[in-house]
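Trainee: I have a model open and would like to go through it with you. Could we start with the strands?

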Amino acid sequence: MSMKRFGKAAYRIANELIARSGKATTFHRFLPRIFPVSHNLGVHVVLKKASLPRQNVLKIARLASRHGRFFRPFSAVIIERHRLQNREDWRRKFEPIRREPRSIDLVERIKQIFGNSVRYNEDLKSSEWPNRIDSYEFGEFLGQGCNAAVYSAKLSNDELEIPNSKFGVGFNEVTDILAEVPPVSKVVQKKYPLAIKLMFNFEHDKDGDAHLWSSMGCELAPYPNAAKLLNGRMGNFTPLPAKHPNVVRIQTAFVDSLKVLPDAIERYPDALHTARWYESIASQPKTMYVVMRRYRQTLHEYVWTHHRNYWTGRVMMAQLLEACTFLHQHKVSQRDMKSDNILLEYDFDDEIPQLVIADFGCALACDDWQVPYENDDVNLGGNTKTRAPEVSTAKPGKNVKVNFEMADTWAAGGLSYEILTRSNPFYKHLDTATYQELELPALPSRVNFIARDVIFDLLKRNPTERVKPNIAANALNLSLFRMGEDVKKMMEKCGISQMTTLLAGASKGLSQKVNSHLDQVINLITAETIMANLAPHLISRAERQLRATFLSRMNREDVWRSLQYFFPPGIQLDTSATSSDCFESVSSLISSLSNGSKDFETQKKPMKNGYNAPLLLKNVIRTDSDGINGIVHRIRSK
Ligand SMILES: Nc1ncnc2c1ncn2[C@@H]1O[C@H](COP(=O)(O)OP(=O)(O)OP(=O)(O)O)[C@@H](O)[C@H]1O
């Protein structure tokens, strides 16, 4: 059997994974007929045995072993298959997918699969957390800012179960059974899995809780229950309506008596009710506590302690943009987007971190992007160095309003620089109020062209020209798929071209036909994601979650707009591929999967002419030959 046919088989099976989810045929009966084949660094490639006689399966297995340096013995595959077939409870696990009506549009069905299944989205699980400080035991000090100190914590009663204490727990039951090794998240448990933010109350002379809720309530913008908790004490405060994997996870918040921890006098004496003004303090000093999931590190610490890998960087960027997309969709602006406020979670140093936006103390969440700016006392958010140009150039005056709609999106551009090069140009070199776009430092040439162009578009001075976060996130997500050796070629083989991208917005009949090409791409992407989910130890949690997030929110119109990053209007492209070639693209999936993420990044060399040429031609930075992790050597282009 040729490699080409092997690829075709994989494609058909993958395609069926999606198609069957809407058919009467039960998914649970289909799954036992697939099995994973291990590759050296890559991903399990799932093949269906059903339509292939046993000899063929063996042939495929042998073929796979030749294309990957490591192959799990076939006997193990057989054993695994038996194990699946003998498990009665498989039926239950696929109930939600089985019940999907058949007639639903492909994109809608994919959105439902990824949005409504706990398997792909642990956020659907919810739990109750105690609202008394005595219920928690404090651990080490984690950090402090101007408004609060943060400590690790756990529930004091050890008997109590800690719900969702790790990202991976309950993330994907299927993988627990299919994976050869138990998912890491089940093994590693933190002793103190929570982080409690103890807010500084500088107004101990005030009685009651109301002033604490109203002055500190912004912290709760990412907490969907906040509106109920605040009970109208913050006027038109509109917190995020749901949890998001890339937004800090707040478990609960409450006001209780101030707990004076052993290091408090040394670290934050001003926030304590000291003898100095003892007479004026209220009867029982209180403050607000925010109980969060504990993360491992800030982005700032991470970039200085970890080698750079541009693939990892791109996954982190995409997560950041997914968070911005979610905030933007719900008219919330975090307004303090610095790398100390981006938190990361990972278990191993070489694991791609899960990224969240944290610290909403300066957030704007009132269902309106505009803030009246009549005088200097108005709060325009956090650090001046990370304010978008339209904010930093605003001058207070009568009827002046500052629009924050695109402020976080702009800041994500600076943070992307930090992710990829360690340094945010706006911390030191450039002034947000006066910089010119041409002054933006060039990125290393090995940074993928989509990431590079997206960053440039995020940092447009004019907010109306700036790329919307969802379009930027889509482009990055698309660039991260591993189909074949080149995502763009894969798309071309599915029939996407400069022409189809242009036609997509044209008449309905026409765009329906054009959309069928896009559906092929989406089909492949979804299939690859489902397959990836069956190999949790080979694709990072962060990347799987990112894919699920993207697929659960995408729509065709936005995807077409994002495709302009791959097929920009006005530049001649050679796109002779037909949609039938689409099948072939998957044949290279197998070999590319076995190459590992680093190689993917290095394969994406910019084209000699056309769109892939670096946009920032003036000052191209190149890495040395093995510069993927290291310090870059700057070479001026001629
Ligand atoms: N959930 C968490 N898990 C782990 N560490 C955290 C968590 N939340 C905060 N931290 C740590 O505590 C530090 C201070 O937290 P935070 O930025 O929320 O405080 P702040 O007083 O609001 O800061 P700022 O002065 O920026 O307003 C963070 O930089 C981070 O190092």
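Trainee: What order do the strands of the open sheet have?

Mentor: The model is predicted, so to speak of local features requires pLDDT of at least 70, side-chain atom pairs count only at pLDDT 80 or more, and totals for chains, interfaces and linings use all residues. Residues are numbered from 1 along each chain as its sequence is written, and side-chain values use heavy atoms, with hydrogens and water left out. The five strands run in the order S3-S4-S5-S7-S6, with antiparallel pairing; strands (E, at least two residues) are DSSP runs numbered from the N terminus, and two of them pair if DSSP finds at least two bridges between them.

Trainee: Which strands stand at the edges?

Mentor: S3 and S6 (250-257) do; each has a single partner strand, so one side of each lacks a neighbour in the sheet.

Trainee: How many bridges join S6 and S7?

Mentor: Seven bridges, in the antiparallel sense. Phenylalanine 254 is opposite tyrosine 289 in S7.

Trainee: Changing topic, what volume does the second largest pocket have?

Mentor: About 790 Å³. A pocket is an open set of points on a 1 Å grid over the protein atoms alone, where a 1.4 Å probe fits, with protein on both sides within 12 Å along at least five of seven lines; lining residues have an atom within 4 Å of a point. The volume is the space filled by probe spheres set on the points, which are joined across faces, edges and corners.

Trainee: Which residues are closest to its centre?

Mentor: Of the 34 lining residues, Gln144, Val150, Asp340, Asn341 and Leu343 are. S3 gives the largest share of the lining, four residues.

Trainee: Why does the pocket lie between domain 2 and domain 3?

Mentor: Because domain 2 (131-294) and domain 3 (297-480) both give residues to its lining; the bounds come from an automatic or database domain assignment.
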